[in-house]
Amino acid sequence: MMAAIPQASGAGPAPAMLAHALAIVAKLPGARVFPIRAGGKFPPLVKAWPDEATADTHQINAWWGRWPDANIGITGCAVLDIDVRDGKPGMLSFEALNLSPDEKRAALVVSTPSGGWHFYFAQPDGEPLRSHNGFRLGLDFKAAGGYVLGPGSRIDGNDRPYAIKFEPGALGACPAGLAEIIRSMPAREKAPNRGELAPGAELDDPAMIAQAVAWL
């Protein structure tokens, strides 16, 4: 099994978050990281995160040297996000995918603060899979164009961090059946990035509302 991503120590959150970020890119093939506001899922602290996310240890040290308690955004992998908040049937939808025991054991599994799960896989060979939110009830797929919060990250008002629960000996590629479902999904127009709203933009502005309605 993989060596565990370092856990927080008595030294405080700063070195723990840096250690998590460095360990992620060392252990997960294709993973790239970037900092996100401490205690939140957004906004990213680097504006052009899809291009700036990196596995470069010097840049990671620089970012978490500047924002030592920042949460960790992860992109570059293929992540099945299982949501059970407010009675969402994420686990039922997950079981309906009929992944084999071997396919499940090929994933790095992370528990989320809300009681859900992230199953990390490597991107399959060929064209990278893209993100598709809500492709099944309670299931999101975070891949190219999307991100998840990584182990060690925390959400304001919740004392449970994202935490690794299972590590495979080697991270497997996204299961073929799941990849086929994702590739069959129609392309969606990109939603406005909440971290990239123009300064002073009002969420109840009619133009903003019309843009959101059009996207939905």
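Biologist: To start with, what share of the residues of the protein chain counts as buried?

Modeller: Keep in mind that this is a predicted model. A residue counts as buried when its relative accessible area is under 20%. Going through the 216 residues of the protein chain with that cut-off, the share that counts as buried is 42%.

Biologist: And how many helices and strands are there in the protein chain?

Modeller: Let's take both kinds of element together. The protein chain has 7 helices, and the strands come to 9.

Biologist: In the open sheet of 3 strands, which are the edge strands?

Modeller: That sheet has the order 1-2-8, and its pairing is antiparallel. An edge strand pairs on one side only. Here that picks out strand 1 (32-36) and strand 8 (148-149).

Biologist: Which residue in strand 2 is the bridge partner of Pro35?

Modeller: Strand 1 and strand 2 (residues 71-75) run antiparallel and are joined by 5 bridges. One of the residues to look at is Pro35, and its bridge partner in strand 2 is Ile72.

Biologist: Which helix packs on that sheet, touching strand 1 and strand 2?

Modeller: Look for the helix whose direction makes about 10 degrees with that of strand 1. It covers residues 57-66, and it's helix 3.

Biologist: Why are the buried residues of helix 3 on the same side?

Modeller: The buried ones are Ile60, Trp63 and Trp64. In an α-helix there are 3.6 residues a turn, so residues three or four places apart point the same way.

Biologist: Which exposed residues does the face turned away from the buried side of helix 3 carry?

Modeller: Exposed calls for a relative accessible area over 50%. On the face of helix 3 turned away from its buried side, the exposed residues are His58, Gly65 and Arg66.

Biologist: Which residue caps the N-terminal end of helix 3?

Modeller: Start from the backbone nitrogen of His58. A side-chain oxygen of the capping residue lies 3.2 Å from that nitrogen. The cap is Asp56.

Biologist: Last one: in the hairpin of strand 6 and strand 7, which residue takes a positive phi?

Modeller: Strand 6 (residues 132-136) pairs with strand 7 in the antiparallel sense over 2 bridges, and His132 stands opposite Phe141 in strand 7. Between the strands of this hairpin there are 2 residues. The residue with a positive phi, near 80 degrees, is Gly138.

Definitions and conventions:
Residues numbered from 1 in each chain as written. Predicted model: local features only at pLDDT ≥ 70, side-chain atom pairs only at ≥ 80, totals over all residues. Heavy atoms only, no water. Pairing = 2+ DSSP bridges. Helix = DSSP H or I, 4+ residues; strand = E, 2+ residues; numbered from the N terminus. Contact = heavy atoms within 4.5 Å. Axes fitted to C-alpha atoms, helices over the stretch in contact; angles between N-to-C directions. Buried < 20%, exposed > 50% of the residue type's maximum accessible area, 1.4 Å probe, protein only. Polar contact = N/O pair within 3.5 Å; in protein donor to acceptor, adjacent residues only side chain to side chain.
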